[in-house]
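User: I would like to learn how to read packing features in a model. Please give the general idea each time, then the case here.

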Amino acid sequence: MKKQTYKKMFNVALTTTLAAGAVVAVAPNAHAAVSFPDVKETNSHYENIMNLAERGIIRGYEDGKFRPGDSIKRGNAAHIIAEIIGLDTKNVKNPNFKDISTKNSNYGAIAALANAGIINGFEDGTYRANDMLTRGQMAKIIDLAFKLTSNGDELPFTDVQNSQYKAHIADLYANNVTTGKTATFFDAKSNVTRAQLSSFVVRAEKAAATPAPGTPTVEEGVFTVGSVVGNTVKIGGQDFKVSSELAAVFNSENAAALKDSVVTLVVEYAPETVASTTPIFAQGEGQIVGIKTLKLVQDNTTFNPSGFNISEVEAAAEGLTLVNVKADSLEIPAGSSATITGSEIASLEVAADAAVTLTNTAVTTVEVKGDAKITIGEGTTLTTVVLEKGKTLADVVTNYEAVKTQLEKVTVKDPEGTVVTPPVTPPVTPPVTPPTDPGTPPAPTPVETFLSQLVTNLNNIESASGIQDVTATTAAVTFTTTSNVTLFDLEAVALEFLDSLKETGTTGVLRDVTINGVTYTLDDNPRAVARDLLESMGLSDDQISAIAALDAGQSVWTVLDNANFGAGTVTLNFTNSPSRQFTVNLIK
């Protein structure tokens with residue numbers, strides 16, 4: 001059933017509609033008792049009428065009467081229901097009922113209900129707003145509007161077994177919205193009275209706010225993790241199981257890092273199902289089905305959620321290692337330090353006195369405060385860096401000289417969002433000294449020549465469809481793909497990578513290559529080479545097989561559970577020189 005969230009709008013709607021056609025009396029004193037001379041306590045609808053009256057939802061006529069037996073029009077009923085469930089009655093599509101003009105006072109409500117599939121009018125294309133609403137019609141509108149469901153109880157009303165409204169009446173009966181005019185007679189063809197509408201509405205409110213028997217109760221709260229054993233989390237002395245998706249977060253490998261962590265969790269409690277029309281709930285075993293925030297506090301631990309997205313992460317400890325983290329925001333608070341590998345972070349904040357090392361990680365925006373420091377490792381990309389006024393990248397990046405070419409495309413902003421233009425340093429004219437004979441510089445070795453040419457070839461690879469960027473150094477190459485990259489695109493780039501080795505090397509310089517423990521010559525089957533390269537980058541056999549089974553136009557990321565893979569190690573075995581390792585990274 002649907003949880004009720006619209007009582008305030010309901011109050012306004014019903015006050016407006018039930019008073020329509022009546023002269024509204026002056027509002028009574030807030031402390032005065034509400035009473036209607038024609039509504040006695042013996043009336044079966046008395047409590048519901050008084051409930052609405054005392055809440056200021058309905059009012060009587062000028063003579064003080066409520067007139068509980070008066071019927072209600074279909075147009076006014078539409079207005080009530082549309083307001084109760086919070087439909088937009090302004091931005092609507094005209095359902096083109098023949099008899100409802102856009103100037104009709106209830107046009108917006110009627111159109112909104114029609115757009116939502118709650119009403120459909122009559123076969124002749126009319127809605128008949130001035131007709132009185134029948135009890136059967138009201139059963140359908142209430143049922144569809146509040147999304148009620150039946151619990152399977154038999155319907156006791158003998159007069160509706162062949163009625164088009166039978167299923168809707170059954171849903172109302174199962175949820176205690178109606179009890180019928182008698183125990184066996186519903187009277188679907190009679191008009192709905194003002195008193196009956198009051199009861200329909202009050203009971204539907206309660207039904208919409210009450211979960212059906214067997215429906216899990218979902219709660220969100222902030223908890224402190226006691227311990228994690230396997231996929232069971234102990235919180236406050238109670239054991240919680242985790243959903244299959246969250247097993248990537250809560251597992252034995254992450255147990256040390258998660259101890260005493262503070263988390264915002266979504267927990268589902270399975271209630272006991274009771275064979276009764278009245279649901280009775282008992283808290284069952286809780287299962288963690290969602291995590292929104294996480295604060296890690298254990299020093300010198302490793303946390304690897306295997307790419308599961310956690311909206312907000314705080315690394316409040318020293319010596320933390322974060323692997324395969326995907327987060328909208330990640331904070332390194334003052335005095336903390338972390339190494340982040342193979343991750344994807346939208347917003348990273350490094351507080352004063354904090355330090356972070358980034359490897360094979362993509363960060364959209366990083367804000368560095370005070371004297372915080374960041375170290376940039378292989379395969380890391382930064383889009384925007386926010387620095388305090390007067391600071392430069394050289395002030396905050398510990399290995400700036402080694403990675404400054406890697407940072408050339410980074411946008412630097414101050415805390416106000418203004419783009420900072422790097423200062424132009426005037427050229428320094430060196431002092432004139434007598435010429436000396438520097439001698440002949442040593443010629444580069446064959447291996448140095450090979451590596452230099454290899455970097456040039458790799459950086460000149462023509463990006464295939466789905467390949468956004470190729471960046472190479474003498475130690476690594478990083479392929480950045482779009483989310484639509486296909487197997488065909490990756491095969492094309494892999495072949496170009498192998499061709500780069502062939503075009504660069506000669507038998508006199510490069511003898512062969514070793515990948516994933518297997519040695520290949522440059523003439524071996526490139527598909528076998530590519531498979532071993534994928535395995536060395538961390539892809540499982542199942543993932544590689546799943547990629548191979550994709551159709552030509554399908555993205556490989558549909559079967560991969562991470563946004564970064566690397567670093568696949570290729571050992572370059574030279575003929576007369578020591579071997580050199582070369583890494584390959586794949587990033588979405």
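User: How many aromatic pairs are there, by the rule for ring centres?

Analyst: A pair of aromatic rings is described by the distance of the centres and the angle of the planes. This is a predicted model, and the count comes to four aromatic pairs. One of them joins Phe-97 and Tyr-127, with 5.6 Å centre to centre and 40° between the planes, and is classed as tilted.

User: Where in the chain do Phe-97 and Tyr-127 lie?

Analyst: Phe-97 is in the loop between helix 3 (74–84) and helix 4 (107–115), while Tyr-127 is in the loop between helix 4 and helix 5 (135–146). The two are 30 residues apart, and the pair links distant parts of the chain.

User: Is Phe-97 buried or exposed? And is Tyr-127 buried or exposed?

Analyst: Buried means under 20% relative accessible area. Phe-97 has 9% relative accessibility and so counts as buried. Tyr-127, with a relative accessible area of 0%, is buried as well.

User: Why is the pair of Phe-157 and Tyr-173 called edge-to-face?

Analyst: Planes over 60 degrees apart count as edge-to-face. The planes of Phe-157 and Tyr-173 are at 75°, with the ring centres 5.6 Å apart, so the pair falls in that class. Phe-157 sits in the loop between helix 5 and helix 6 (166–174), and Tyr-173 is in helix 6, 16 residues apart. Phe-157 has a relative accessible area of 0% and is therefore buried. Tyr-173, at 24% relative accessibility, counts as partly exposed.

User: Which residues do ring pairs link into a cluster?

Analyst: Phe-157, Tyr-173 and Phe-186 form the cluster.

User: Which charged residues sit over a ring, for Phe-122 and for Phe-66?

Analyst: Over the ring of Phe-122 sits the charged end of Arg-128, 3.9 Å from the ring centre. Over the face of Phe-66 lies Arg-194, 4.5 Å from the ring centre.

User: Next, helix packing. At what angle do the axes of helix 2 and helix 7 cross?

Analyst: Two packed helices are described by the angle between their axes and the distance between the axes. The axes of helix 2 (residues 46–54) and helix 7 (residues 194–208) cross at roughly 75° and come within 8 Å. The two helices are therefore roughly perpendicular to each other. Helix 2 makes the contact through Asn-48, Ile-49, Asn-51 and Leu-52, and helix 7 through Ala-195, Ser-198, Ser-199, Val-202 and Arg-203. Sorted by class, this contact has four nonpolar, four polar and one charged residues.

User: What about the spacing of contact residues along a helix?

Analyst: An α-helix has 3.6 residues a turn, so residues three or four places apart point the same way. On helix 7, the contact residues include Ala-195, Ser-198 and Val-202.

User: How many residues of helix 4 are buried, and what covers them?

Analyst: Eight of the nine residues of helix 4 are buried, and the helix is mostly covered. Those buried are Tyr-107, Gly-108, Ala-109, Ile-110, Ala-111, Ala-112, Leu-113 and Ala-114. Their cover includes helix 3. Just after helix 4, Gly-117 has a positive phi of about 80°.

User: Which residues of helix 6 are buried?

Analyst: His-168, Ile-169, Ala-170, Asp-171, Leu-172 and Ala-174 are the buried ones. The cover over these residues includes helix 5 and helix 7.

Key
Residues numbered from 1 in each chain as written. Predicted model: local features only at pLDDT ≥ 70, side-chain atom pairs only at ≥ 80, totals over all residues. Heavy atoms only, no water. Axes fitted to C-alpha atoms, helices over the stretch in contact; angles between N-to-C directions. Helix = DSSP H or I, 4+ residues; strand = E, 2+ residues; numbered from the N terminus. Parallel < 35°, antiparallel > 145°, perpendicular 65-115°, else oblique. Contact = heavy atoms within 4.5 Å. Nonpolar A, V, L, I, M, F, W, Y, C, P; charged D, E, K, R; others polar. Phe/Tyr/Trp six-rings, centres within 6.5 Å; stacked < 30°, edge-to-face > 60°. Buried < 20%, exposed > 50% of the residue type's maximum accessible area, 1.4 Å probe, protein only. Lys NZ or Arg CZ within 6 Å of the ring centre and 35° of its normal.
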